[in-house]
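Welcome! Please take a look at the structure below, and then read on for a short briefing.

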Amino acid sequence: MGKGLGRYLLYRILLLIPLLFGVSILTFLLVRLGDSSPAVMVAGPTATLEQIEDIEAEMGLDRSLPEQYWTWLTNAAQGDLGTSWMSNRPVTEELWEKLPITLELIGFGIVGAIIFGVIIGIASAVRQRGLVDQVLRIVTLAGVSIPIFWGALLMIAFFFTVLGWAPAPLGRVERGLELPPHITGMLVFDSLVSGYYATAMSALAHIALPALTITLITGATIAKQARAAMVETLGSPAVRYARACGMSERGVVWLAFRNALPDLIGFFGITFSLALGGAAISELIFSWGGLGQLGLEAITNADFAVVQGFILVMGLLTAAIYLIADLLVAAIDPRVKLQ
Amino acid sequence: MSTPPNDKAAASARPMPDAGTPPAHVDHDRPGRPKAAARGLWRFMTSSMAAFTGTTIVLAFVVVGALADVLVRTDPLQVFGSDLLHPPSAEHWFGTDGNGMDVFARTIHAIQIDLVISVTAVAISIVVGVALGLVAGYRGGWFEMVLLRVMDVLQAFPALILALAVVAASQESIAAVIFVIALLDIPVFIRMTRGQVLSLRDAMYVEAARATGNKPWRIMWRHIMPNTLPPLIIQTAVRLAWSVMIVSSLAFVGVGIQVPTPEWGAMIRHGSAYVTSGQWWPSVFPGLALMLLVLGFNLLADAIQDHLDPRKD
């Protein structure tokens, strides 16, 4: 597969260029569509019209849109995504710093969701129409219907306010604890590797609630898809034949799962891109301080440069996930050929 | 050699109808129609538990939402000055929020705004999406190419984040929310309709319709479109659930609809500040209503799917 794989990767990456180009034009226009101007916010409520115009000129907002876009694009091609007016720091630097923080949260959440969702889905499909299936179907449908931000609040109300098990939803680690040296930027990993066990425990306790929220709500979606895929393969001629030949029930389920896996991996990709938006909102609730919180706060504060960069990174992440999903499917499914 | 003309057959054959002649036995305004529709609805509702629960929930929300002003006399904007964050009681069933407004009245009145926005947005996206999907699937060519690439871009990054960016940038809040939800739903309907059209385009009956001289628009509208309806109906319920969720997610982040307008997401946002100090009611009740409505639409989607395709499950 070696040479073919290289060519396929190149093809997918080339395909990404027009896509990101389109995404960047779209976001560029969208954030400038309205009347909210960052200059007004920078200048503050007492500023005169002249002061605002001065600031606009300084930020380059008085020039024509194509001109502004061209400047942004040429800079972006050199890795410079502009400067945030809120923090006065380069956007690239900020995104780079926040990315691992978000990836850690989403990583825990999504891995949990896949395990939880697949187990529930299989359990449901194996006992199709039985009592277990009925109950699980209602539970998953309820899970799919819960908005993530409300789910997060319920978790806080229950595990923090009522039970007092979880730490306050205010960031990634207890204040005052010594932080490990920066290796990956992922706190749990960094502190474990550097031997800061107290910090690691605190970081784990802090990540538990937001990750569990993502796990339960995204997991419900995955469970629903896993059940449908398993019902399909369990009824397929190949599986029925295996059963007729006397294969054990466990073997039958495993075979059906193997056959459903390519479909499931495709679903995981889609679910992941859906979870990105939900994860961003839960970051806001748990004051997580990652990419999501940065982006959402930039959106409500008309911090154009950060919004552009944020959406670009989200687009890249989504594309990367789809690519990984496609490669995995190609690796396990002999029917799929990379072209 | 020429075949002898079969004069008898030619004489007895019915003359070919002109292109575009409506079929003979279509009687549009039969008085029995509403009755038949009601019977159909009843048959669907009693077909499964999911169908019954889903229909009941959605109908209840529609009725209560439409009659909110009559059913709940308390003004959702009235401030009960001395009763800030009062827990649920006989006077205020769901308690009062941080502004001293009645949470029950606000939760009920919010049905209107959430339903109207979602239904309008989904209706717009169906009209635009189905039309574009029909043309793209039937005509193909550069139009289809361009359309699909634009859809790729629209679907390349998380919908919620795109929605947030658009709504935050514009000042017209409700119109912007409707616009952006419609924009995000359109690709779904385009792809779905196009897929259906591709599988029907070369069907024998479409060929026959073309051969008898029907215009492309007529073929698309009268011959292909009706056959794309079942998946369209399922998708409509799914998208309604999703739209309600997005409307309130936007308000929760603080763009779009703002407090004091009664809207679930905005109410949950406002109430979230009190959750850690134990005042759960301002955010839990509106969330419960939101979840129930979304659940209703999801149940409907599942039930319609089972109803139309009994083979599955």
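This is a predicted model: local features need pLDDT of at least 70, side-chain atom pairs count only at pLDDT 80 or more; totals for chains, interfaces and linings use all residues.

Residues are numbered from 1 along each chain as its sequence is written, chains are lettered from A and ligands numbered from 1 in the order in which they are written, and side-chain values use heavy atoms, with hydrogens and water left out.

**Chain A**
- Chain A has 13 helices and zero strands (DSSP runs numbered from the N terminus: H or I of at least four residues for helices, E of at least two for strands).
- Its C-alpha atoms fill a box of roughly 85 × 55 × 40 Å along the principal axes.
- Of its 339 residues, 49% are buried, meaning under 20% relative accessible area (1.4 Å probe, protein chains only).
- Among contacts (heavy atoms within 4.5 Å) between residues at least 6 apart in sequence, 68% in chain A join residues at least 24 apart.

**Chain B**
- Chain B has 13 helices and zero strands.
- Buried residues make up 49% of the 313 residues in chain B.
- Chain B exposes about 15,800 Å², with 65% supplied by carbon and sulfur atoms.

**Where the chains meet**
- In chain B, 42 residues are in contact with 47 residues of chain A.
- The two chains bury about 3,700 Å² between them, 77% of it on carbon and sulfur atoms; buried area is the accessible area (1.4 Å probe) that two parts lose on being put together, summed over both.
- One salt bridge is counted between chain B and chain A (a side-chain nitrogen of Lys or Arg within 4 Å of a carboxyl oxygen of Asp or Glu).
- That salt bridge joins the side chains of Asp302(B) and Lys224(A), at 3.3 Å from N to O.
- The elements giving two or more residues to the side of chain B that touches chain A are α6 (141–154), α7 (159–169), α11 (229–253), α12 (264–272) and α13 (281–308) of chain B.
- The largest share of that side, 12 residues, comes from α13(B).

Definitions and conventions
Buried means under 20% relative accessible area, exposed over 50%, partly exposed in between (1.4 Å probe, protein chains only). Accessible areas come from the Shrake-Rupley method with a 1.4 Å probe; for residues, only the protein chains shown count as cover.
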